[in-house]
Every structure is written in C-alpha cells, then in structure tokens.
Amino acid sequence: MLTVYGIHPSIEHYGCMVDMLGRAGKIAEAEKLIEEMPMKPDEFVLGGLLGACRIHGNLSVAERAAQKLLELDPDDAGTVVLLSNIYSSLGKWGKAKQTRKLMAERKIKKPPGCSLIEVDGVVHEFFKGDRSHPRSSEIYKMLEDMISRIKVAGYVPNKSEVLFEMDEEEKENALSMHSEKLAISFGLINTIPGTRIRVVKNLRVCNDCHSAAKLVSNVYNREIVLRDRNRFHHFKDGLCSCKDFW
C-alpha cells in the first residue's frame, strides 16, 4: 500500500486483514498483526479476532482478546457472553460458570434476544419462548413441524451454548424456542411458498439457529435473509452467504 499506492494503512485496513487471517484459521498471525499495529486496536479489530477464536476453538488467544476488549469497555455483555460460550463449547464448564458469575458481579446484563419480521406491512416481534402473539398456537405447531423436518434432513441441536445446569431435553427445548426460529416459523405460515423470508435480530445469531436456518432454506425451498448484529446472512439451498464465519 505504501510503496505502490502511497496509502498509509488505517485501522480499518488492519481490521480487514485480521478478519481475513481469522477466516483462514491463522489466529497466531492475526494476533501478531494486532500487536504490531502502529495504533491501538479498537473493538472491531479485537472483536474480529475473538470471533475467529470462537470458530476455530483457540481458547488462549480468545482469553487475551476478551481481556483487551473488556479493558476498552468493562460493561460489554457481548464479549463476556461470547467468551462464556467458547468455554462451554470446549467443555470448560467451570470457566463458563465463572465468566457468568463475573457478569452478575459487575451487573452486566445481556439484552434479551429479539427477532422482527415484517409481513403485509406489519412488524411482528418475537422473544425467546414468546407466546404472546395472537397466533401463537399456529406458530408453535409450525415450529414443531419445522424442527421435525430438518432433523430428518440432518439437523442435530447444538447444545454447547445452553446453560449446562439443564438436562439434555431442556437444552433442546430451549434451543427450539429461540426468537429467530419463532420468526421464521411465523414467516413460513404467513407468506406464499417460495417467497423470501426476512428477519432482523438484535444479537448475533447462535450456532444452532444458523445451522437450523440453512436446513430450513433447503427443506422448505425458501430463501431466508437474517440480519443479526454483525452481518447479513443469506440462506439458500442449505448454505449461507457468510460461509459459516460470523
């Protein structure tokens, strides 16, 4: 950039490089690049590194990245929750519990997950386990059908991000009632077959809902566009535009 184009790399350029290295699984190189940056890393650069650690299961770098993120913003619930989920996915239950305890001690509250879907000009809002919608019985009937059909297609509930105090059946039930699954179920019963379903969520979509949405797009022959806190996910024919990295 400097020798050919005379452009000094900005923090945005470094963020892109960290993202690319993270996608390729080159976590050590991404961390080294951050350490050698001529400016202090911001939450986007460090968040990209932490996200890559989640995908590739690199706990040691994840802990260092999370520590630096919390130094920037001690009340960032997203960082603490993501670190806790990494511990849980690797079977580090003691560490996960300790991290959640830290949230309670610091009074850090994770905002409730909320998914929105617009049908015929009306926006419908769903929370986890929500039964307040007037068509709740229909939605849950479709949800049950949806889970059953995608299981036949290979869906296996990913229970790693569920609180481990629950038994296995409770974990599966909790996963099935995530807000984005409810919104997608509502979209399936209220839109013409074959039309695109659009959902917006305020938090990062979890691994389980991401896997489920891919299968739903294939089983029901639907395109699903899910905009979470980080990016757009375009599900089609059992695949996602993010290539399973987000």
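Me: Before we start, what counts as a cavity here?
Reply: A cavity is a set of grid points where a 1.4 Å probe fits but cannot get out, and the model we are applying this to is a predicted one.

Me: Which residues line the largest cavity?
Reply: Its lining is made up of E31, I34, E35, L46, L49, R64, A65 and K68, and the elements that give two or more residues to that lining are helix 3 (27-35), helix 4 and helix 5.

Me: And how do those lining residues divide by type?
Reply: The lining of the largest cavity has 4 nonpolar and 4 charged residues, with no polar ones.

Me: Switching to pockets, what volume does the largest one have?
Reply: The largest pocket has a volume of about 800 Å³, and 29 residues line it, with E43, F44, G47, G48 and N230 lying nearest its centre.

Me: Which helix gives the largest share of that lining?
Reply: Helix 4 gives the largest share of the pocket lining, with 9 residues, while the elements giving two or more residues also include helix 2 (11-23), helix 5 (59-72) and helix 6 (77-89).

Me: What about the residue types in the pocket?
Reply: The lining of the largest pocket divides into 12 nonpolar, 7 polar and 10 charged residues.

Me: Last one, why does the largest pocket lie between domain 1 and domain 2?
Reply: The largest pocket lies between them because domain 1 (1-106) and domain 2 (114-240) both give residues to its lining.

Methods:
Residues are numbered from 1 along each chain as its sequence is written. This is a predicted model: local features need pLDDT of at least 70, side-chain atom pairs count only at pLDDT 80 or more; totals for chains, interfaces and linings use all residues. Side-chain values use heavy atoms; hydrogens and water are left out. On a 1 Å grid over the protein atoms alone, a cavity is a set of points where a 1.4 Å probe fits but cannot get out, and a pocket is an open set with protein on both sides within 12 Å along at least five of seven lines; lining residues have an atom within 4 Å of a point. Grid points are joined across faces, edges and corners, and a volume is the space filled by probe spheres set on the points. Helices (H or I, at least four residues) and strands (E, at least two) are DSSP runs, numbered from the N terminus. Ala, Val, Leu, Ile, Met, Phe, Trp, Tyr, Cys and Pro count as nonpolar, Asp, Glu, Lys and Arg as charged, and the others, Gly among them, as polar. Domain bounds come from an automatic or database domain assignment.
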